[in-house]
Structures are given as C-alpha cells and as structure tokens.
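Reader: Could you take me on a close look at one part of this model, the barrel and the loops that follow its strands? I would like the cut-offs spelled out as you go.

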Amino acid sequence: MKPSCRGLPALATVLLLLAVSSCTARAPEPASVSAYGAYVGYEPSDVRRLGELGAWLGGPAPRVGHVYLPGDRWSNIEGAPGYLESWAAWRRAGAKRMFVLNVPMLERTEGHLSDSVVRAELRRGASGAYDGHFRALARRLVGLGVPDTVVVLGWEMNGTTYTHRCGPDPAAWKAYWTRIVRAMRSVPGQRLRFEFTPNRGRDAIPWPRCYPGDEVVDIIGMDAYDAPRGLGFTAQVEEPYGLRAHVRFARAHGKPVSYQEWGLYENGDNPAYMRGMLTWFARQRPLYQSISDYCPHGVWGCRSHPRSSAVYRSLMGGGAESAER
C-alpha cells in the first residue's frame, strides 16, 4: 500500500525515506503538453483523418494542421492549390488550432538544380525579383481567413534536397529570406509567423550559418527524423547541431522551438527513439510538434512500426492536451 503523503507515522528511517521518495517522485509529463499534429496528407479528405488520429489516441483531436505548398511553379507558391480552402476552414473552426504551411522559396524546388543555378536564383531573390509572389501568398492567406498561419519558409535549407538550399550562398539566402518576410508582412491584415527549420545535425552546412536574424524569425524549428542508421537517440541529442544545440540556440535568441517534421526513418521500428522524442518534447515544451505519419516515418498510417506505434499511443493518448475552445 502506498504511504500517505500527509501525517506520516514515526517509522524506521528506511521507511520514512521510501515514503518521501513516493511523495516527491514525479511521473513523466505527457508529451502532448504542447500542441500536436501530424502530416496525414493534403487533400480535403485528410482534414477528417486528422480528427481520426485523435480518436485513435483516445484524446482530443490534434490542434495542428500541417500541409505543404508545391514548389514546381510560382503560381503554386502563391497559394493556388485548391486544398487550402479546406484546411483554412478547419483552422477557422477552432480558436486554439494552428495552421502550419511549408512554403518553398523558389520554383523547381525539387529540380536538382546545380549550385551555380541556385546561387543565381538566391541572388535574384535577394534583389527583390520574387517579392510579388510572396505578397500574393500573404494576400491569399488573409483572404482565406488564416492570417495567423505559421509559415515554414525554405525548410531543411542546410541540406541538399531542395532548390531553396542555403549552402551555395548563405549571405544571399539570408538576404532573400529577409526580403520574403518583409514582403509578406507588408500585406494588410496579416499576422503571420515565420519559422526557420533546418535538418537536425550538420548536414551540408552548419545551420546557424543560415540564420537570417531575430527580426525576421518568430519560431526556430527542427526536422528530426531517426537517422542515420545506427545513431541512437542520445547521440541525436548531443551531436553537433543536434537537438540540444537547437534548443540552446533558440533560447539564446528568445524564440520558441518546434518540430514540424519528425518520425521514424532509417532505423525501422524503433520504440527507444519514439520514447526519446516524446520525452524530449515533454521536457522542452515546444510550441508544437507534428509527426510525419506515412511510411517509412509514421505510427498510425504506417502499419510496419507496431512497437513504436504502441509507445506513441501510450505516451500521447494518456495525457492529451485540454479540449479545444
């Protein structure tokens, strides 16, 4: 029987110590103290699936809706995709909800362009050549009734996947980011928040070299998948430019942290990673976290990770955040 925390009897010293330990020990905080969400797809039908994820967890529905703009051409970066209407309606239906939108900085964003082409494009952007596209996007978001969208601009810039990568010219990249933010903030009615989100670790370039400055960044995020193969969670925390460095950097700059992309990857069904990430969130209290819920990353939409799924459901479902208002 657990000793009472009040009016402890005069027991032997060892029993007293055990009682004090029982009274003061704290269970791990629920991972969902922060707003949570998942990328479950971008189609209008996927709005419903986001609520189904909450039902599966046994708690309130996620408060974070997360989608991406295609970066194949400028008209899509300006907000042309028709699915934005459905996600905007979802956001407007709950005052505590957050709409998170990944926005490419350049068209042909996955075109595998050479460094010389990327460098020239970044410099054109820094000169103001593309300001109009981003003003158009800001007007689109205001018109849809989501002027407080979290804009994840030029994500994973420290890597090599996207045309909007920083490595070919960090100075031009930072100047271009600044121009985009100022262009979008010039639109009447906007209350946008801009998120700087590199990959975890060094990747192609140390991500602090790409940081454009506190004036034009509201949130400092990190994409943190379980990779590379064989790298344990503790190493992911402690590696150069890893999880701990990210939190320290954000605190030094007075910004909240976030994790708009995370999940399993190169180490398969890894419950230790899942427990590590959810415990990390509980301790660090990010503004929000959003798992990528499709294979090979997910735990709900991907059936090949049953042990990780059990950990996610256990830690996220039991201490779910307060109901929406």
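Author: Happy to! Let me begin with a term we will need: a residue is buried under 20% relative accessible area, exposed over 50%, and partly exposed in between, with a 1.4 Å probe and protein chains only. This is a predicted model, where local features need pLDDT of at least 70 and side-chain atom pairs count only at pLDDT 80 or more, while totals for chains, interfaces and linings use all residues. Residues are numbered from 1 along each chain as its sequence is written, and side-chain values use heavy atoms, with hydrogens and water left out.

Now to the barrel. The chain holds 11 helices and eight strands; these are DSSP runs numbered from the N terminus, with helices being H or I of at least four residues and strands E of at least two. Eight strands form a closed barrel in the order β1-β2-β3-β4-β5-β6-β7-β8, with parallel pairing; two strands pair if DSSP finds at least two bridges between them. From one strand to the next, the twist averages 25°, where axes are lines fitted to C-alpha atoms (for helices over the stretch in contact) and angles run from 0 to 180 degrees between N-to-C directions.

Let us zoom in on β5 (residues 193–196) and β6 (residues 219–225), which run parallel and are joined by two bridges. Here F196 stands opposite I220 of β6. Helix α10 (residues 271–284) packs on the sheet and touches β6, β7 (257–263) and β8 (288–292), its direction making about 165° with that of β7; contact means heavy atoms within 4.5 Å.

The loops deserve a look too. Most residues other than glycine have a negative phi, and most peptide bonds are trans. In the loop between β5 and β6 sits D203, a non-glycine with a positive phi of about 55°; D203 counts as partly exposed because its relative accessibility is 41%. R285, in the loop between α10 and β8, also has a positive phi, near 55°, and is partly exposed at a relative accessible area of 47%.

Another cis bond runs from C295 to P296, with omega near 10°; P296 lies in the loop between β8 and α11 (306–317).

Finally, D169 is in the loop between β4 (150–153) and α7 (170–185). D169 counts as buried because its relative accessibility is 11%. Leaving aside neighbours within four places in sequence, D169 contacts R119, L122 and R123.
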